[in-house]
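Me: Please take me through the terms used for this model, setting each value against its definition.

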Amino acid sequence: MKERGFKIYAPEEQEPDKESDVFFNDKMIKNRDLSTAAAKIFRDQVELNEFRSCDALSASGIRGFRISDISDKVFFNDSNPLAVESIEKGLEANGIDPSKVELSNSNANVFLSDNKNLFHYIDIDPFGSFLEFLDSTARAANHQSFVGLTATDNAVTSGSYKKTCIRRYGSTPLKNSFMHETGLRIYLKETFENFARFDKEFDPKICWHERHYSRVSGRVTESKQRANNSTENIGYLSFCPKCRWRKLERKNKCGNCGNTDLKLAGPLWTGKFIDQRFTKKMKEKIPDSWEDSKQLLDRIDSEAELITPFYDLHELCSNIGISSPKREAVTEAIREKGYPVSRTHFSPTGFRTDAPIEDIKDIIKELN
Ligand SMILES: C[S@@+](CC[C@H](N)C(=O)[O-])C[C@H]1O[C@@H](n2cnc3c(N)ncnc32)[C@H](O)[C@@H]1O
């Protein structure tokens with residue numbers, strides 16, 4: 001198989017899973033495209049004599065192959081010996097200089113913990129949650145580094161398994177139309193806090209949710225001061241199930257209808273999870289031929305500055321009790337009223353705005 005010109009040695013399977021000899025899921029291409037593009041932007045931003053990258057859960061090694069051109073040294077690791085064989089074959093077939101590669105067949109936690117502060121780029125792409133690798137990743141991250149982590153336990157953080165979420169992440173999720181944004185903010189809180197324990201600040205650059213996974217990625221610096229300051233981005237989300245008002249603050253009463261029976265989620269990340277200066281650079285560099293990934297990046301970039309969790313048009317219309325006008329007409333009318341508004345990558349029927357909910361509802365009613 002091939003991805004973006006790189007040869008991969010893994011069985012071709014419809015539904016690859018934990019039992020696969022060597023795991024490779026071609027449907028995760030957008031995750032790998034944006035992860036690679038982000039790593040490249042970070043590489044452009046730092047001046048280092050030796051840029052060391054680590055693909056800690058490599059499987060076929062595809063992520064490591066794809067960042068080999070920006071790295072002076074790439075460390076591949078997987079606990080599965082068959083994966084290590086695949087990586088060896090891939091390295092040769094892709095003509096990657098063996099002198100810039102280190103290959104290991106260890107438990108990722110042991111491998112990362114043994115390499116304290118070594119890596120400038122770390123990719124964590126496990127089965128399920130990245131939680132069990134967070135501490136060792138924070139240890140292994142250099143004081144100037146970029147870290148990306150994938151999680152596929154999204155049913156937990158989006159509220160289908162509330163108790164599991166509280167146990168794993170110490171956070172209460174919220175199952176509603178924007179549950180995946182709440183989930184992403186829970187992942188981000190957990191990542192930030194873990195790095196902060198090591199006096200390192202995790203500064204989110206591009207975080208997103210797609211299909212069955214979420215990806216958290218950001219820049220790491222060793223700064224107690226910055227980590228202290230960013231703790232103000234940890235808080236709660238209040239949601240009114242009656243009128244659908246939402247705010248990234250802990251409230252006792254709905255700011256719109258006065259309902260006192262609010263739903264609360266958190267603790268979670270209440271700040272921005274996209275840095276538009278960073279995504280703009282990614283947009284300049286991402287190849288035009290990566291069409292789907294480019295479209296995803298455009299959506300993510302467009303909603304970077306708007307903090308209020310997104311609205312789902314259909315859900316809002318059913319709350320008002322009317323049929324749904326076209327999303328484009330709604331966002332256009334919100335813009336005409338002078339409010340910032342964007343689409344959201346989370347949902348094709350979603351939009352993001354800081355406009356008060358009553359104004360949004362009035363606009364929808366007028367259009368209807
Ligand atoms: C989801 S796959 C990685 C997919 C790959 N990054 C890609 O983009 O195609 C997870 C990999 O982690 C490996 N793995 C699972 N637990 C591990 C551990 N504790 N230490 C090292 N490797 C582990 C598995 O053998 C598997 O190859």
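**Pairing, helix and core**

Reply: In this predicted model, Leu237 has Ala265 of strand S13 as its bridge partner.

Me: Why are strand S12 and strand S13 called edge strands?
Reply: The open sheet has 3 strands in the order S12-S11-S13, with antiparallel pairing. Strand S12 (246-247) and strand S13 (263-269) each pair on one side only.

Me: How do you know that the span of H8 agrees with its number of residues?
Reply: The 19 residues of H8, at 1.5 Å a residue, should span 27 Å, and the end C-alpha atoms are 27 Å apart, so the two values agree. Helix H8 (residues 179-197) lies across S11 and S13, at about 40 degrees to S13.

Me: What makes H8 mostly covered?
Reply: Buried means under 20% relative accessible area, and 14 of the 19 residues of H8 are buried. After H8 comes Asp199, with a positive phi near 60 degrees.

Me: Which residues touch the most other members of the largest nonpolar core?
Reply: Leu34, Leu112, Ile122, Ile124, Ile206 and Met282 do, within a core of 68 residues. At least three residues of this core come from each of domain 1 (2-238) and domain 2 (274-367). Apart from this core lies another, of 19 residues, including Leu313 and Val330.

Note on methods:
Residues are numbered from 1 along each chain as its sequence is written. This is a predicted model: local features need pLDDT of at least 70, side-chain atom pairs count only at pLDDT 80 or more; totals for chains, interfaces and linings use all residues. Side-chain values use heavy atoms; hydrogens and water are left out. A nonpolar core is a set of buried Ala, Val, Leu, Ile, Met, Phe, Trp, Tyr and Cys residues joined through side-chain atoms within 4.5 Å. Buried means under 20% relative accessible area, exposed over 50%, partly exposed in between (1.4 Å probe, protein chains only). Domain bounds come from an automatic or database domain assignment. Two strands pair if DSSP finds at least two bridges between them. Helices (H or I, at least four residues) and strands (E, at least two) are DSSP runs, numbered from the N terminus. Contact means heavy atoms within 4.5 Å. Axes are lines fitted to C-alpha atoms, for helices over the stretch in contact, and angles run from 0 to 180 degrees between N-to-C directions. The expected span of a helix is 1.5 Å times one less than its number of residues.
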